[in-house]
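Subject: Handing over the structure

Hello,

Here is the structure I promised to pass on to you. Please open it first, and then read my notes below alongside it.

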Amino acid sequence: MPASPSTARAINDRLALRLLQQEGPLTAGQLKQLTGLSRPSVADLVERLTAAGLIAMVGESGEQRRGPNAKLYGIVADRAYLAALDVRMEGVSVVVSDLLGRVLAESSVPIGGDTGTGPAVEQAVTLVERVAKEAGADRLHTVGIGAPGLIDPATGELRDSSGLPEWHRRLVATLQERLPEARVHVENETNLAALAEQRDGAARDRDTFVLLWLGHGTGAAVVLDGSLRRGASGGTGEIGFLPVPGTAGLPSATACDGGFHSLAGSAAIAELAGEYGVVAVAAGPEPVAAALVGAGVTEGADGFLDVLADRLAVGVSSVVAILDPGCVVLGGEVGQAGGDELAARVEQRVRRMSPLPTEVRPSALGGGAVLRGALLTARDRAQDELFAPPER
């Protein structure tokens with residue numbers, strides 16, 4: 001059945017907004033060309049979107065002939081402000097942006113392991129409020145949070161996971177209380193990193209791939225046919241618990257010691273580096289493993305890199321055998337520090353261990369992928385709501 005006039009208008013409006021978001025300011029003539037709509041239809045949608053406060057004239061094109069088609073229209077970026085949080089075991093990072101995702105202010109705060117739950121939550125929430133004020137955001141429309149742990153697929157809430165600080169779960173609820181007008185969404189940090197790598201990083205040309213997170217700990221995110229897969233309980237990608245050879249025992253339901261984490265976590269990599277005489281000092285909050293791997297690449301520490309690649313290949317080949325993703329991104333700070341050198345070594349080993357062709361790539365975004373993914377998610381959710389047709 002053909003769409004009703006109101007539905008057709010809503011579809012056209014949403015298409016125009018997406019084009020303005022992707023392409024930047026456009027003239028009515030350019031909108032006509034890109035949408036395939038008639039000139040009167042474009043004029044009508046420009047009038048509707050302007051009246052709704054979603055777009056505004058931002059200048060004029062360089063055309064010689066002045067007139068309605070020479071006016072440039074763009075999305076009103078300050079129609080909504082967004083915040084993104086990267087919540088780690090040792091602290092929180094925050095960015096605040098406008099509706100187009102342009103970062104207006106950012107900061108971070110360390111939170112020590114001996115900090116109580118209440119003070120830790122207050123430090124994090126105060127940071128969000130301060131960064132929002134610095135950005136000139138009188139209110140936040142959407143807040144995206146990346147955190148370690150499992151996200152309940154039924155409720156979208158961060159589940160109570162052993163080994164993670166209590167303040168992580170309390171932070172989400174407290175933010176919603178302190179920012180009652182904001183939409184607060186939480187997602188597993190590795191899943192957000194995969195989203196960022198797919199949109200802006202190493203997997204831009206892939207709709208099926210696996211991100212192997214290598215930071216302080218280990219994790220994985222699975223993207224199949226363009227969709228992030230979370231699993232029945234939200235635990236897809238908990239690769240730290242994968243039983244592997246070369247460890248002292250087996251992981252348990254409450255601890256991943258003895259699993260892949262014992263081979264590829266930051267502490268394990270640091271111990272391996274010590275065996276090969278590789279020394280480096282971590283910069284700020286980055287995992288010491290990232291500095292050591294970077295030093296290993298710079299110094300040509302082949303023995304260290306070969307054994308590390310052997311370890312990573314055990315986890316990668318296990319994922320490949322089950323999912324056949326065709327591409328694995330070595331993510332996080334460690335994956336980025338290893339660069340093409342470490343990725344190539346892992347790929348060579350996986351090729352010997354599996355008949356399934358698999359390309360191994362280094363992260364393009366490193367540890368910053370979590371924050372980038374949280375911001376992308378917040379922007380998508382805000383635009384979905386603001387660009388939706390009004391309810392009748």
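I'll begin with the inside. The largest nonpolar core holds 38 residues, and those with the most contacts inside it are L212, F304, L308, L312, L330, L342 and V346. By a nonpolar core I mean a set of buried Ala, Val, Leu, Ile, Met, Phe, Trp, Tyr and Cys residues joined through side-chain atoms within 4.5 Å. Buried stands for under 20% relative accessible area, exposed for over 50%, and partly exposed for what falls in between (1.4 Å probe, protein chains only). Two or more residues of this core come from each of β9 (209-214), β10 (218-224), α7 (261-264), α8 (266-275), α9 (288-299), α10 (302-323), β12 (327-331) and α11 (332-353). The largest share, 10 residues, is given by α10. The helix and strand names follow DSSP runs numbered from the N terminus: helices are H or I with at least four residues, and strands are E with at least two.

Leaving aside neighbours within four places in sequence, L342 is in contact with V293, L305, L308, A309, L312 and L330, where contact means heavy atoms within 4.5 Å. There is also a second, separate core of 34 residues, which includes V94, A137, L158 and A182.

Before going further, a word on how to read all this. This is a predicted model, in which local features need pLDDT of at least 70 and side-chain atom pairs count only at pLDDT 80 or more, while totals for chains, interfaces and linings use all residues. Residues are numbered from 1 along each chain as its sequence is written, and side-chain values use heavy atoms, with hydrogens and water left out.

Now to the strands. Strands of a sheet pair through backbone hydrogen bonds, either parallel or antiparallel. Here two strands count as paired if DSSP finds at least two bridges between them. Five bridges join β2 to the antiparallel strand β3 (residues 71-75), and A56 stands opposite G74 in β3.

Strand β4 (residues 82-88) is worth a visit too. Seven of its seven residues are buried, so β4 is largely enclosed by the rest of the structure. In a regular strand the side chains alternate between the two faces of the sheet. In β4, L82, A84, D86 and R88 point one way, and A83, L85 and V87 point the other way. Which strands does β4 pair with? With strand β5 (residues 91-97) the pairing is antiparallel, over seven bridges, and L82 has S97 as its bridge partner there. The two form a hairpin with two residues between them. With strand β7 (residues 142-147) β4 pairs in the parallel sense over five bridges, and in β7 the partner of L85 is I145.

Next, the open space. The largest pocket contains about 880 Å³. On a 1 Å grid over the protein atoms alone, a pocket is an open set of points where a 1.4 Å probe fits, with protein on both sides within 12 Å along at least five of seven lines, and lining residues have an atom within 4 Å of a point. Grid points are joined across faces, edges and corners, and the volume is the space filled by probe spheres set on them. Of the 33 residues that line this pocket, P148, L164, E238, F241 and C256 are the closest to its centre. The lining divides into 10 nonpolar, 16 polar and seven charged residues. In that count, Ala, Val, Leu, Ile, Met, Phe, Trp, Tyr, Cys and Pro are nonpolar, Asp, Glu, Lys and Arg are charged, and the others, Gly among them, are polar.

Finally, two residues in loops. D225 lies between β10 and β11 (227-229) and has a positive phi of about 50° although it is not a glycine. At 61% relative accessibility, D225 counts as exposed. D324 sits in the loop between α10 and β12, with a positive phi near 45°; at 41% relative accessibility, D324 counts as partly exposed.

Enjoy exploring!

Best wishes
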